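I am opening a notebook on this structure.

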Protein chains: 2
Amino acid sequence: MKKGVTLKDLALKLNMSVSTVSKSLNNDQAISAVTKERVKELADRWNYVANESARHFKLSRSFTIGLIIPGLQDHFFVEAVNGIEDIAGAENYNIILAQSHENTSKEEGIVQMMIRNRVDGLIVVLTKYTTDTRVFEQCNAVGIPVIYIVREPPNECYHYVSVNNLEGAFKATCYLANKGHKRIACITGPKTMPISVTRLEGYMQALRKSGIPPDAALIKEVNFTERETHHAMQSLMKLKQPPTAVFCFKNDITLDAIVFLKKKYPDRLHTIDFTDFGNLPLFKYLDHKPVASVKEDFFEVGKRAAGLLFEMIRGKKADHDKRKINVKIPCKLIIN
Amino acid sequence: MKKGVTLKDLALKLNMSVSTVSKSLNNDQAISAVTKERVKELADRWNYVANESARHFKLSRSFTIGLIIPGLQDHFFVEAVNGIEDIAGAENYNIILAQSHENTSKEEGIVQMMIRNRVDGLIVVLTKYTTDTRVFEQCNAVGIPVIYIVREPPNECYHYVSVNNLEGAFKATCYLANKGHKRIACITGPKTMPISVTRLEGYMQALRKSGIPPDAALIKEVNFTERETHHAMQSLMKLKQPPTAVFCFKNDITLDAIVFLKKKYPDRLHTIDFTDFGNLPLFKYLDHKPVASVKEDFFEVGKRAAGLLFEMIRGKKADHDKRKINVKIPCKLIIN
DNA sequence: CTGAAAGCGCTTACAG
DNA sequence: CTGAAAGCGCTTACAG
């Protein structure tokens, strides 16, 4: 890298000390107005650009937060990133973004990298498969606060921000029950993901509240592949009393389920109501879509998580504070 | 931030010099095997994590590349990010990602931040509105190589990697001509964007090659709002000889155009063939879609751009090398 | 094979 | 109001 202008260069030219130059540029009140003027003028003229990495090093603060997400293809994560960026920008913080691509060993490598780079804090969406969170505990050990978002960690003590999945699943299922459906199926995610369990619980509570007896045959667990969803739908449709409504874990499942029905049961397609999580913006272009969809405000999740993280960085919340923070952003049910 | 273990701590405990500890951990060949062993053992036991920011500072290299994109909502940009990440990861480089949100003054601020942080190189997708690229020239002035991707910069000398828009537009239009269409409209982007001009040129070349006389009335320029696309379609449909096919600048336009036809000219919907750029994965869920779509390989664009950037960082390509690099990744036409 | 020393560019308590 | 000095944690040419 070509050498940039340094404080020393300016000091030399101006015949003053490096300290004075530094203080002038930082608008230190101890420095006289004329001196500041002279310094700033030359700095401008010479295109001086402060070397942040020297500054960060000196201050032992990187003014950077680390952000780990499984992947950018998922637009929910992108919304969270935007929320975080919003807050971080206002705090003049940078973001190092890394994708785990749902790979736990990659995830661990990223965390190590974040520690080596001494990020001031970490916000993370775990991979689907993360069960060992020791690396993250190492973060806490070296004083880097960690906030988990969207996916709940399997360990004991943590700070977690997400949407209210229970509420969302409850609302989506109630909507179907209120439409008069009695046979409501649930296609949820793998039970290794805490969110799957929570959404299933919301579904169950809604049934209970609506006086509908739960039926294990109506509950399917899939791992989000088109193939598994088709399987699940097939076995649902073959039941003596097939469902007249399905609450799906998320959009992708609904879409695949509809594809399946179009192919195998085209006459039944319009007899089945779907609800789900996601409220894809692209719905408006679809001919067949869920009757209602839970809109999750991940932008707000990101903002809240970043806000909490900065409180911790500033030390308002001591990081040895072991009360776990658990924020749930409310969900809206969007009727289509 | 809590203090971490430093080289000095290790040196003290081991009764050796900081230099020796440093060299041991860096596997310097000058150090004896036993010493290395002792050092590594303690480092492990004490959970020593090298302070990269000190190292970067010392080496005046940040091992970080800056990446500026208008926004993460656009999945094309995300693909490019992934391609870049792929290469950067292999080089053990980090990425600072920032979004300009199509805001030129934000963009400028980001570049300044990147310079302050002494990134080793910069890859950028300009905002739609960027006309002044002086900040980027400042990067070059301080020795930070810049590579533009996807959107072509308006200045003179630059390195640019994108897809072959001319070829894509040509293929997409030829496909329509080969299907027998004579009245082929073109809905393109604002002519302030060089890509719009290029794609229009591809369309024109295809007409010429197919012996179809161009008709200015068939060419519409929109700024990507639903409203403008509806307007454009309206005026096309009102022509004495309305088009029987439309080549659209991108998916979003096709989708909006189809919405318009469904609403206003439902009977004509199936008489008009569309082609466009984008090949949205979601097409499979749509009932009406373009007959063919140009698939742009932005992952490859990202990889190539990152590859070139690292060559420049390593100095293989001197950055005062003023020959401009201009790479065009081929486009595939996907027939639906 | 090991160590003493300089220095990367900044900030900041302290002295004057 | 200004400056001399120490130090953040590393790497690396140099000496031994």
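This is a predicted model: local features need pLDDT of at least 70, side-chain atom pairs count only at pLDDT 80 or more; totals for chains, interfaces and linings use all residues.

At what angle do helix H5 and helix H12 of chain A pack, and how far apart are their axes?

Entry one, the helix pair. I looked up H5 (residues 75-90) and H12 (residues 298-313) of chain A: they pack at about 40°, and their axes are 7 Å apart. The crossing of H5(A) past H12(A) is right-handed.

I then listed the residues that meet. On the H5(A) side they include Phe76(A), Ala80(A), Ile84(A) and Ile87(A), and on the H12(A) side they include Phe299(A), Gly302(A), Ala306(A) and Phe310(A). By class, I find 12 nonpolar, 4 polar and 4 charged residues in this contact.

Entry two, the two chains. I found 37 residues of chain A in contact with 39 residues of chain B. On the chain B side, at least two residues each come from helix H4 (52-59), helix H5 (75-90), strand S2 (94-99), helix H6 (104-116) and helix H11 (251-264). That side has 19 nonpolar, 13 polar and 7 charged residues.

What rotation superposes chain B on chain A? I read 180°, with a shift of 0.0 Å along the axis and an RMSD of 0.0 Å. This is the relation of a two-fold axis. In chain B, Ile96(B) has the C-alpha nearest the axis, 2.5 Å from it.

Last, I checked which surface is used. Of the interface residues of chain B, 95% are also interface residues in chain A, so the copies meet through the same surface.

Conventions
Residues are numbered from 1 along each chain as its sequence is written. Chains are lettered from A and ligands numbered from 1 in the order in which they are written. Axes are lines fitted to C-alpha atoms, for helices over the stretch in contact, and angles run from 0 to 180 degrees between N-to-C directions. Helices (H or I, at least four residues) and strands (E, at least two) are DSSP runs, numbered from the N terminus. A crossing is left-handed if the near helix is turned anticlockwise from the far one by less than a right angle, and right-handed if clockwise. Two residues are in contact if their C-beta atoms, placed from the backbone, lie within 7 Å. Ala, Val, Leu, Ile, Met, Phe, Trp, Tyr, Cys and Pro count as nonpolar, Asp, Glu, Lys and Arg as charged, and the others, Gly among them, as polar. Copies are superposed by least squares on the C-alpha atoms of residues with pLDDT of at least 70 in both.
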